[in-house]
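Me: I've got a model open here and would like to talk through its charged pairs and overall build. Can you take my questions one at a time?

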Amino acid sequence: MDDEQRAPGTRLGRLWHRLRRPAWARLLMDVLLLALLFTGVSLWQTRHLPTGAPAPDLVLRPLSGGEPVRLSSLRGKPVVLAFWAPWCGVCKAESSTLSALQGMVGDSARVFSVAVAYEDEADVRRFAREQAVDYPVLLGGSEAMRAFSLEQFPTTFFISADGRLERASVGYTTRLGLLWRLWL
């Protein structure tokens, strides 16, 4: 019996090293491995979120005042619905990304954020002022957190034009990531 027959892992190991020899192949494999890891973490974080179902039909009050917004009234265009808390540092970082998304999609989609887990409305107003929020902010509470199964912030839902929760992401998402998820 030769060495290859006794140790099948050795043959696989040699193949692995031969495939990784060129620099472009190492880079490609590393990128694929990172993409796989990122996808796995993302799927794990969103495993309990209600995607694939109709969006809960909540009525939320705008921070700016005015008429309450019924989520079902947003049908007709895709909606990005970002949930955040004023004390959340990652939410602060993502705020400018949501603003950029609002500018990039224009009238082809709607971008809303929902403040939850806050002590009082003044905290939400301060956050919106300090972060120069230029997209609509809705005020949510424990009912919204239960309806969307929220446990972490920020959590962003991507709602189809017909009102279905298509996708969700947890944590910071780049502009490209938001666009990709919105138009996927």
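Me: Which residue forms a salt bridge with Asp-123?

Reply: Quick background: this is a predicted model, where local features need pLDDT of at least 70, side-chain atom pairs count only at pLDDT 80 or more, and totals for chains, interfaces and linings use all residues. Residues are numbered from 1 along each chain as its sequence is written, and side-chain values use heavy atoms, with hydrogens and water left out. A salt bridge here is a side-chain nitrogen of Lys or Arg within 4 Å of a carboxyl oxygen of Asp or Glu. With the closest N and O atoms 3.5 Å apart, the partner of Asp-123 is Arg-126.

Me: How many residues apart are Arg-126 and Asp-123?

Reply: Both sit in helix 5; helices (H or I, at least four residues) and strands (E, at least two) are DSSP runs, numbered from the N terminus. The spacing is about one turn of the helix, which comes to three residues.

Me: Is Arg-125 buried, partly exposed or exposed?

Reply: Here buried means under 20% relative accessible area, exposed over 50%, and partly exposed in between (1.4 Å probe, protein chains only). The relative accessibility of Arg-125 is 40%, so Arg-125 counts as partly exposed.

Me: Where does Asp-57 lie, given its pairing with Arg-70?

Reply: The side chains of Asp-57 and Arg-70 meet in a salt bridge at 2.9 Å, N to O. This pair links distant parts of the chain, 13 residues apart, with Arg-70 in strand 2 (residues 69-70). Asp-57 is in the loop between helix 3 (23-45) and strand 1 (59-62).

Me: Zooming out, what radius of gyration does the protein chain have?

Reply: The radius is taken over C-alpha atoms, and the globule rule is 2.2 Å times the number of residues to the power 0.38. For 184 residues, a compact globule would come out near 16 Å. The C-alpha trace spans about 80 × 35 × 30 Å along its principal axes. The protein chain's own radius of gyration is 22 Å.

Me: How many helices and strands does the protein chain have?

Reply: From the N terminus, the elements run α-α-α-β-β-β-α-β-α-β-α-β-β-α. That gives seven helices and seven strands.
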